[in-house]
Structures are given as C-alpha cells and as structure tokens.
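Subject: Structure for you to look at

Hello,

Here is the structure I said I would pass on. Please open it beside this message and follow along.

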Amino acid sequence: LGVDGGAAVFGAALVIIGAAYYFTKFSRTILFWAAFVLTRPLGATVGDMLTKPVDAGGLNLSRIASSLALAVFMIAVIIISERSKKSVIENPTS
C-alpha cells in the first residue's frame, strides 16, 4: 500500500471507530482502546510519509521540519476544536 495507503487505512479505521462512538451503543472502553492502539501505526506511517525520500513515497522532510509540521497541525486542530466547543456552549440551540 505504501505510506499513503497505510495512512489512509489507519485513518479510515479511526474514522470508523469515531462513527461507532457517536452512532452506536458499542462499548466505549473497547472503542477507546481500539482508537488508542491504532494511533501508534498511524503515527509511524505519517512519520514515514513525512521523512522518507520522494522516490520512496515520502515528502523528504528532515526530522525537525516534520516535527514542526506535526506540531503546527496539532495546534491548529486544538484551536479549531476549542473554538467549536465555545460556539456550542455560547449558542446551544443551533
């Protein structure tokens, strides 16, 4: 599958777990641990995608550049999720 396909597979599995959390009554404990276990291979695959040479399917970023890219992504997701949460709290009817 390569690094792109691997990231897509693990990402899709996490999306399915998220959907199961919101739309089913499946055990929250099992869903938590399934998501927890899948984050390790997803992280490794994304790390490979960022650091491997272009001819191997990666982006050929240095470890520092890939770490910074991931940090910026995580900070952006945290900011966006906090803003979404505040908007729901301030206006719960919409």
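Where is the place of Leu 14? Leu 14 sits in helix H1, which covers residues 2-23. Keep in mind that this is a predicted model.

Is Leu 14 buried, exposed or partly exposed? Its relative accessible area is 21%, and buried means under 20% while exposed means over 50%, so Leu 14 counts as partly exposed. Not counting residues up to four places away in sequence, Leu 14 touches Ala 35, Leu 38 and Leu 42. Ala 56 is 42 residues from Leu 14 in sequence, and the two C-alpha atoms are 25 Å apart in space.

Next, Ser 66. This residue belongs to helix H3, residues 63-90. Ser 66 has a relative accessibility of 7%, and the limit for buried is under 20%, so Ser 66 is buried. Its side chain reaches the backbone oxygen of Arg 63 at 3.0 Å. With neighbours within four places in sequence left aside, Ser 66 is in contact with Leu 50, Thr 51 and Leu 61.

Last, the largest pocket. It holds about 230 Å³ of space. Leu 14 is one of the residues that line it, and others include Leu 42, Phe 73 and Met 74. Which helix gives the most to this lining? Helix H2 does, with 5 residues, though H1, H2 (28-51) and H3 each supply at least two. By type, the lining divides into 7 nonpolar residues, 3 polar and no charged.

Regards

Conventions. Residues are numbered from 1 along each chain as its sequence is written. This is a predicted model: local features need pLDDT of at least 70, side-chain atom pairs count only at pLDDT 80 or more; totals for chains, interfaces and linings use all residues. Side-chain values use heavy atoms; hydrogens and water are left out. Helices (H or I, at least four residues) and strands (E, at least two) are DSSP runs, numbered from the N terminus. Buried means under 20% relative accessible area, exposed over 50%, partly exposed in between (1.4 Å probe, protein chains only). Contact means heavy atoms within 4.5 Å. A polar contact is a pair of N or O atoms within 3.5 Å; within protein, one must be able to donate a hydrogen and the other to accept it, and residues adjacent in sequence count only if both atoms are side-chain atoms. On a 1 Å grid over the protein atoms alone, a cavity is a set of points where a 1.4 Å probe fits but cannot get out, and a pocket is an open set with protein on both sides within 12 Å along at least five of seven lines; lining residues have an atom within 4 Å of a point. Grid points are joined across faces, edges and corners, and a volume is the space filled by probe spheres set on the points. Ala, Val, Leu, Ile, Met, Phe, Trp, Tyr, Cys and Pro count as nonpolar, Asp, Glu, Lys and Arg as charged, and the others, Gly among them, as polar.
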